[in-house]
Amino acid sequence: MNETEFLELLKRYQNGTLSNEDKDKLDAWYLHKATNSNKQLSEYELEDSYEYLKSRLPLAKEKKVINLWPRIAAAASVALLFGAGLFYFTKSESVVKQENIQVVEKPKEIAPGGNRGILTLSNGKQIVLSDVSSKDIIAKEDQDEVTIKMDANGVITYMINPNADTSKEDSNSFNTLSTPTGGQYNIVLADGTKVFLNAVSSIKYPTQFNGNQRIVELEGEAYFEVAKNKNKPFLVKSDNQTIEVLGTHFNVHAYNNESVVKTTLLEGSVAVSSKNQKAILKPGQQSNVSDGSNKIAVKEVDTEAAIAWKNGRFKFDNADLKSVMKQLERWYGIKVEYRGDVSDVRFNGGTFRNKNLSEVLKVLELSNIKFKVEGKTIIVYP
């Protein structure tokens with residue numbers, strides 16, 4: 001059905017002259033749109049739009065209104081407004097004389113995050129990395145012994161001058177890489193260790209690893225691919241735990257506003273220490289260090305779910321609703337409010353992080369959870 005036909009059927013609906021055959025056509029049109037369009041509104045938004053339109057338009061009396069029809073009227077009107085809508089509402093003055101018709105507008109799409117980060121140098125200078133052109137030399141540290149560059153993929157790298165004095169026991173030069181809400185960033189440290197930093201996170205590290213240990217401090221979440229060096233252990237300090245490795249791949253989830261610090265091992269071996277306790281993890285295991293316990297809990301987990309964020313995905317493995325929504329808060333910069341008890345709601349499955357928020361919510365709604373979008377606030381109904 002083309003636009004002209006659709007508009008004609010809508011007029012007949014408003015005039016109360018729509019035949020059963022025409023209703024069938026609109027039914028088919030709506031079902032097709034509902035299935036294929038990404039411009040659909042939520043049930044609540046459609047209801048709001050319909051109620052508003054019903055109060056402002058001379059719609060024919062509802063006789064046998066089935067549930068589908070409010071959706072059709074609202075969806076059609078909203079579709080017209082955002083597509084051919086200006087045509088309908090400006091060309092139908094004979095029906096609605098000089099009425100300044102408005103409908104509940106479809107909320108603006110909330111876009112996903114991306115590569116955003118801030119690098120703080122040892123002298124306190126902050127560099128917004130999105131403002132830096134790739135292949136640029138960003139800065140030099142330690143009296144020009146270390147050159148900080150950005151490669152063609154936007155990754156920050158630390159290059160040690162081959163003539164640098166590596167016999168020094170310690171280096172007082174530290175840099176910090178931070179990501180805002182909706183940000184993530186990758187970095188290669190001076191020893192070749194790769195760090196993938198998730199949103200709302202920061203890592204503090206020396207510009208070069210002198211001495212007999214490699215120590216970094218993490219807040220938030222990061223995935224590490226530690227360069228092997230048997231003579232110089234790599235330590236990650238976060239909140240109330242320390243991780244010691246020689247060279248391996250693992251993920252650390254250590255947000256200050258969450259009560260559990262999770263370390264997930266993908267390969268190699270790591271030692272997790274906290275509160276005079278120590279646990280050795282094997283690949284596929286995850287340690288949980290919580291505020292309310294002196295023990296380090298270790299369990300088998302789906303490692304793909306733990307590092308899904310690094311691979312551009314959301315993946316939920318029996319995840320509770322609030323932990324899912326915290327991920328969305330950090331990635332989309334939204335605020336979440338709950339209207340009802342959602343403590344028993346858990347999710348399996350996932351989607352991609354490059355989708356707009358509305359598309360992610362559609363996936364979650366398959367589990368009979370309802371969402372209402374008000375600006376950047378998401379209201380959750382069980």
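Student: Leaving aside its neighbours within four places in sequence, with which residues is S274 in contact?

Tutor: Please keep in mind that the model is predicted. Once neighbours within four places in sequence are set aside, S274 is in contact with N240, Q241, V289 and I296. S274 belongs to strand β16, which covers residues 270-274. Its relative accessibility is 5%, and S274 therefore counts as buried, the cut-off being under 20%.

N276 is exposed, with a relative accessible area of 83%. Its phi is near 65 degrees, which is a positive value in a residue other than glycine. Q143 is placed in the loop between β4 (137-141) and β5 (146-150). Because its relative accessibility is 81%, Q143 counts as exposed.

For the wider setting, consider the chain as a whole. The protein chain has 8 helices and 24 strands. Of its 382 residues, 45% are buried. Among contacts between residues at least 6 apart in sequence, 51% join residues at least 24 apart. The accessible surface of the chain comes to about 20,100 Å², and carbon and sulfur atoms account for 44% of that surface.

I307 is in the loop between α6 (303-306) and β20 (313-320). The residues I307 and V252 are 55 residues apart along the chain, while their C-alpha atoms are separated by 9.5 Å. Apart from neighbours within four places in sequence, I307 is in contact with Y223, N251 and L266. The relative accessibility of I307 is 5%, so this residue counts as buried.

Strand β11 leads us to charged residues. In general, side chains of opposite charge can pair when their charged atoms come close. The strand covers residues 214-225, and E225 is found in it. E225 is buried yet has no salt bridge. The nearest side chain of opposite charge is that of K194, 4.4 Å away. The reason that this pair is not counted is that a salt bridge requires a side-chain nitrogen of Lys or Arg within 4 Å of a carboxyl oxygen of Asp or Glu. Not counting residues up to four places away in sequence, E225 touches T193, K194, F196, T248 and H249.

R214 presents another case, for R214 forms a salt bridge with D191, and the closest N and O atoms are 2.6 Å apart. R214 lies in strand β11 and D191 in the loop between β8 (183-188) and β9 (194-197), so the pair ties together parts that are 23 residues apart in sequence. The relative accessible area of R214 is 1%, so R214 is buried. D191, at 21% relative accessibility, counts as partly exposed.

The count of salt bridges comes to 6. One of them joins E337 and K335, whose closest N and O atoms are 4.0 Å apart. E337 counts as partly exposed because its relative accessibility is 27%. A network of salt bridges links K335, E337 and R339. K372 forms a salt bridge with E374, with 3.9 Å between the closest N and O atoms. E374 has a relative accessible area of 43%, so E374 is partly exposed.

Finally, let us examine a helix. Helix α7 comprises 12 residues, 321-332. At 1.5 Å a residue, the helix should span 16 Å, and its end C-alpha atoms are 16 Å apart, which agrees. At the start of α7, a side-chain oxygen of D320 reaches to within 3.2 Å of the backbone nitrogen of K322. The buried residues of the helix are L321, V324, M325, L328, R330, W331 and Y332. Just after α7 comes G333, which takes a positive phi of about 65 degrees.

Conventions. Residues numbered from 1 in each chain as written. Predicted model: local features only at pLDDT ≥ 70, side-chain atom pairs only at ≥ 80, totals over all residues. Heavy atoms only, no water. Helix = DSSP H or I, 4+ residues; strand = E, 2+ residues; numbered from the N terminus. Expected span 1.5 Å × (residues − 1). Buried < 20%, exposed > 50% of the residue type's maximum accessible area, 1.4 Å probe, protein only. Polar contact = N/O pair within 3.5 Å; in protein donor to acceptor, adjacent residues only side chain to side chain. Contact = heavy atoms within 4.5 Å. Areas by Shrake-Rupley, 256 points an atom, 1.4 Å probe, with all protein chains shown as cover. Lys, Arg positive; Asp, Glu negative; His and termini not counted.
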